[in-house]
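Q: I'm new to reading protein models. Could you walk me through this one?

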Amino acid sequence: MDKTIEKIVSLCKRRGFIFQSSEIYGGFGAVYDYGPLGIELKNNISQLWWQEMTHVHENIVGLDSGILMHPRTWEASGHVSEFHDPLVDCKQCKARYRADELTTNTEDTDWGQVICPKCGTTGKMTSPRQFNLMFETHVGPVEGSSSVAYLRPETAQGIYVNYQLIQGAMRMKIPFGIAQIGKAFRNEIVARNFIFRTREFEQMEMQYFVRPGSDNNAMKEWKDKRFRFYPDSLGIDEDKLRFHEHGPDELAHYAKEAWDIEYEFPFGWAEVEGVHNRTDFDLVRHEEFSGKNLKYFDQQINERFLPFIIETSAGLNRTLLAVLVNAYWEDTENDRTVMRFHPRIAPVKAVVCPLVKKDGLPEKARNIVDLLKPRFKVLYDQQGSIGKRYYRQDEAGTPFGITVDHQTIEDDTVTLRYRDTQHQDRVSIDKLLMAIDDNMT
Ligand code: GAP
């Protein structure tokens, strides 16, 4: 694993951001649990996405559909027949690879000549075999082919099968969108790079329904809007972001055009979000498989048609990894590690510290916690030297430190410390909320 990622993994465990699943049993592959700071950070990111999609855009509404769906859904979507990765095994050391990790052209490769990157043996690699990434489960007490169901590999299908109900109930007129945040599951062959590729993850997806013919314009609009989300809402450095357009052999079975928004992780540039023109592929297939008419009636032009769909599909966990990497800063000059989260997404916004544990300072500090806590997540800390307390919070990414000292008792002012610069201002308690708010935008 990359050195920086290793340090972030260790910080995440130490500070309660992210833990390996089921650690007391030796861990469970490619599944992670989010601790107290991790869940705050994750919620802040997903809330910003939700706000941006469903509040800022009046023509986008939300949905929360089930993880389990009618199994025919996945036949219609193409996932049963198409959602495969080619898998190869080294017969010598039993290492398992996705074939396309070892060669760019899996079909024309002579697998008998491939060297195993792990043990270095040549001639022991199996030919690729297709492996479906969907997790199967069984519904009801009797196991058999008729009870098979799948854990959804994308949240998108829940939107497609509900689109007409939502359009009718909310009287949506084209163009309109439906947004959803939820878990998705993929039995990834090779899961690596911490929370970058896991078997259980969350997607933040929005499906935008447009008139056929206006899909290219809608694609442009959403590509740009989604790109801006990362620097403007999450505070990610713009020079660490870029687009990558899918070539013909990269396109998913449902897409006519696809762009990845990539972040420069320590292990290289990699996708955090995909923006796809899915055409009417999914709705055509659902009409065919369900036998239901899924056409939209466009009153303006007096026509019925299946809308084209532009999809924006972001991974919440990958976005969170980009946020963690982007925030990680070794401030060698001051011998501290700082998570420089934008205050808007920081898990804890402020720590309130009485300078000493006496003279009425703890009570005063508690009053300040009570003042701030209806607005955002704050902590009270009276343990250790003030310097140690601040450094603890720097590592947790807390942007503001508030210290109650003897002067506070006299004039109701406190010191407000800024995490990145360590600069301190004297602020009166009744202006504290405003001062923090000013630095939040
Ligand atoms: N509905 C379209 C779709 O699912 P995708 O490119 O397969 O498209 C979209 O996935 C996003 O979901 C990716 O950009 C990535 O952020 C996230 N994602 C996909 N597989 C993942 C995995 N195994 N672990 C974590 N995130 C994943």
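Q: Where is the place of Ala-270?

A: First, the ground rules: this is a predicted model, where local features need pLDDT of at least 70 and side-chain atom pairs count only at pLDDT 80 or more, while totals for chains, interfaces and linings use all residues. Residues are numbered from 1 along each chain as its sequence is written, and side-chain values use heavy atoms, with hydrogens and water left out. Strands are DSSP runs of E with at least two residues, helices are runs of H or I with at least four, and both are numbered from the N terminus. Ala-270 sits in strand S13.

Q: Does Ala-270 count as buried or exposed?

A: Buried means under 20% relative accessible area, exposed over 50%, and partly exposed in between (1.4 Å probe, protein chains only). Ala-270 counts as buried because its relative accessibility is 11%.

Q: Which residues is Ala-270 in contact with, leaving aside its neighbours within four places in sequence?

A: Contact means heavy atoms within 4.5 Å. Ala-270 then touches Phe-196, Ile-261, Glu-262, Tyr-263 and Phe-265.

Q: Now the ligand: which residues around it come nearest?

A: A residue is near a molecule if one of its heavy atoms lies within 4 Å of it. There are 20 residues around the ligand, and Glu-154, Glu-188, Glu-205, Glu-271 and Glu-311 come nearest.

Q: What is 2.6 Å from an oxygen atom of the ligand?

A: For polar contacts, look for a pair of N or O atoms within 3.5 Å; within protein, one must be able to donate a hydrogen and the other to accept it, and residues adjacent in sequence count only if both atoms are side-chain atoms. Here, an N or O atom in the Glu-271 side chain is 2.6 Å from a ligand oxygen. A polar backbone atom of Gly-315 is 3.0 Å from an oxygen of the ligand.

Q: How is the shell around the ligand divided into nonpolar, polar and charged?

A: Ala, Val, Leu, Ile, Met, Phe, Trp, Tyr, Cys and Pro count as nonpolar, Asp, Glu, Lys and Arg as charged, and the others, Gly among them, as polar. This shell has four nonpolar, six polar and ten charged residues. Strand S13 gives the most, with six residues.

Q: What about the backbone: which residues does a cis peptide bond join?

A: Look at omega: Ile-174 and Pro-175 are joined by a cis peptide bond, with omega about 0 degrees. Pro-175 lies in the loop between helix H6 (156-170) and strand S9 (176-185).
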